[in-house]
Each structure stands twice: as C-alpha cells, then as structure tokens.
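Colleague: Thanks for sitting down with me over this one. Could you take me through it, one question at a time?

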Amino acid sequence: MKFINHRMLVIALLMFAGAGLALAMKPTQKIADTREKADLDAMIPRQIGEWKIDTSIVPIEPSPEVKALLNKIYNQTLSRTYVNPAGQRVMLSIAYGGDQSDSMQVHKPEVCYAAQGFEVFNIVAGILLTKYGELPVKRLIATQGNRNEPITYWVVVGDKAILSGMKQKFAQLSYGLTGKVPDGFLVRVSSIDRDRQSAYQQQEEFVKAMLGAMSETNRARIVGRFGA
C-alpha cells in the first residue's frame with residue numbers, strides 16, 4: 001500500500017512539474033506589440049506601375065462561416081482588384097494576424113476555397129524570383145462552374161517568408177521557444193484565366209511591380225527579410 005502511495009506521489013509531482021514547465025515555456029510576448037501597427041490600406045500603393053485599382057469590380061464575400069473564422073484569425077484584411085491598360089485584371093488579397101501561434105495560424109487558400117465549394121487542385125510549391133531575393137510561394141488552381149482561378153500565395157511568419165505546412169509549424173515553434181508570439185501575413189494574388197501558365201506569369205510580374213512600388217519597410221513586412 002505504501003509502495004502504491006509513493007508511486008502515486010511521484011506521478012503527481014511529475015505532472016505538476018510538467019505543467020509548470022509548459023506554463024513557463026508558453027510564449028507571452030507578441031512581436032506585433034513591438035512593431036508599428038500594420039495598415040494594409042496604406043502599405044499597398046493604389047497605383048502599381050501600370051496597374052491601378054478597378055473600382056468596378058466588387059470582391060466576392062466569403063461565406064458567413066468562413067468570414068467568422070477569418071475574423072477570428074486575422075486583425076486586418078485587404079481585398080483589391082487591379083487592372084492594367086490592356087484590360088487584364090489581378091486580384092490581390094492580404095490578411096494580417098498579430099497572433100500566429102499554433103492555435104491561431106493563417107487560413108491557407110486551398111482550405112478557404114474548398115470551404116466555399118471550389119474544387120482545388122495542382123497545388124505546387126515554387127520560387128518567385130525578385131530583385132530583392134527568392135520568395136517561396138505556392139500555386140494552385142481553384143474552379144467552380146465556369147470560373148477557373150489560378151492562385152499564387154505566400155505566408156510570412158515573423159520576419160521570414162516560408163512555405164505553409166511543416167516549415168510554418170517549425171517557425172512558430174522556434175519563436176515559441178524564445179517566448180515570443182510571431183505575427184504573420186498571407187498574401188494571395190489570383191486571376192480568372194483558363195491559361196494557368198499565362199496567369200502565373202502575369203501574377204509574377206504584378207508581384208514584382210508591387211514590391212518595387214512599396215517602401216523598404218513595408219516590403220519587408222509582407223515578404224519577410226530575405227537572407228534572414
């Protein structure tokens with residue numbers, strides 16, 4: 001009986017010690033609180049090279065369920081459609097979240113589109129080469145009825161652009177071990193086009209123009225610090 005009591009006491013002590021360690025290691029400092037507040041509307045120029053905002057296009061609102069989830073995850077979102085002199089259009093969507101801990105991580109487009117009834121396929125990782133550095137991106141196709149939408153997107157956690165998935169988890173863990181909660185961005189560029197290669201090329205040109213039109217500080221926020 002004494003052996004059993006002693007064993008239970010040891011188990012209890014280990015449990016309390018584990019709980020105390022988990023509490024001590026829980027990230028408490030939000031990086032967002034140490035930075036200038038993000039203002040997406042001001043960060044992204046309304047004129048990007050030959051591209052300007054097309055006010056005739058109203059962005060499609062997500063379903064109420066998806067919108068409620070996005071409002072929980074993100075502090076701020078921005079949706080715009082840009083058009084060039086040739087009449088070609090590109091849709092830009094940016095979401096910013098001040099808390100990118102494991103419980104409040106970015107909502108990936110492949111998940112978001114599928115939740116709204118789109119068929120999502122051809123999800124591939126790639127590199128978008130810019131004069132500032134290599135930007136890791138994912139590309140995919142979302143279709144619904146006659147709508148064929150090639151998409152390019154990237155994720156920034158803290159100070160670095162990463163591929164969503166395991167690398168995103170690792171980045172969150174790395175920050176957590178230092179007691180910090182990273183903020184994050186999800187930047188999505190898409191267009192309605194049957195020719196996906198042409199669409200991806202156009203999106204790449206738009207992204208490069210956008211980065212070139214931004215200030216160094218704002219550019220570092222939405223693509224991370226290259227080489228960091």
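Colleague: Which side chain makes a polar contact of 2.8 Å with the side chain of Gln88?

Modeller: Happy to start there, with the note that this is a predicted model, where local features need pLDDT of at least 70, side-chain atom pairs count only at pLDDT 80 or more, and totals for chains, interfaces and linings use all residues. Residues are numbered from 1 along each chain as its sequence is written, and side-chain values use heavy atoms, with hydrogens and water left out. A polar contact is a pair of N or O atoms within 3.5 Å; within protein, one must be able to donate a hydrogen and the other to accept it, and residues adjacent in sequence count only if both atoms are side-chain atoms. At 2.8 Å from the side chain of Gln88, the partner is the side chain of Asn84.

Colleague: And how far apart in space are Gln88 and Gln202, C-alpha to C-alpha?

Modeller: Gln88 lies in the loop between β4 (76-83) and β5 (89-97); helices (H or I, at least four residues) and strands (E, at least two) are DSSP runs, numbered from the N terminus. A polar contact of 3.3 Å links the side chains of Gln88 and Gln202. The two residues are 114 apart in sequence, yet their C-alpha distance is 8.9 Å.

Colleague: Is Asp183 buried or exposed?

Modeller: Asp183 sits in the loop between β10 (180-181) and β11 (184-190), and its side chain has a polar contact of 3.0 Å with that of Tyr96. Buried means under 20% relative accessible area, exposed over 50%, and partly exposed in between (1.4 Å probe, protein chains only). The relative accessible area of Asp183 is 0%, so Asp183 is buried.

Colleague: Nice. How many bridges pair β6 with β7?

Modeller: Two strands pair if DSSP finds at least two bridges between them. A hairpin of two residues connects β6 to β7, and Val120 stands opposite Ala142 in β7. β6 (residues 119-130) and β7 (residues 133-144) run antiparallel, and the number of bridges is 10.

Colleague: What is the phi of Asn122?

Modeller: Asn122 belongs to strand β6 and is partly exposed, at 35% relative accessible area. Most residues other than glycine have a negative phi. Asn122 is not a glycine, but its phi is positive, at about 55°.

Colleague: How many residues make up the largest nonpolar core?

Modeller: A nonpolar core is a set of buried Ala, Val, Leu, Ile, Met, Phe, Trp, Tyr and Cys residues joined through side-chain atoms within 4.5 Å. Among the members that touch the most others are Ile44, Leu92, Met210 and Ile222. A second, separate core of 10 residues includes Tyr113 and Ala142. For the largest core, the count is 29.

Colleague: Which residue just after α7 takes a positive phi?

Modeller: Helix α7 spans residues 216-223, and its buried residues include Arg219, Arg221 and Ile222. Ile222 is also in contact (heavy atoms within 4.5 Å) with Ile44. Just after α7, the residue with a positive phi, about 80°, is Gly224.

Colleague: Last one: what percentage of the residues of the protein chain count as buried?

Modeller: The protein chain has seven helices and 11 strands. Among its contacts between residues at least 6 apart in sequence, 71% join residues at least 24 apart. Of its 228 residues, the buried share is 43%.

Notes
Lists of a residue's contacts leave out its neighbours within four places in sequence.
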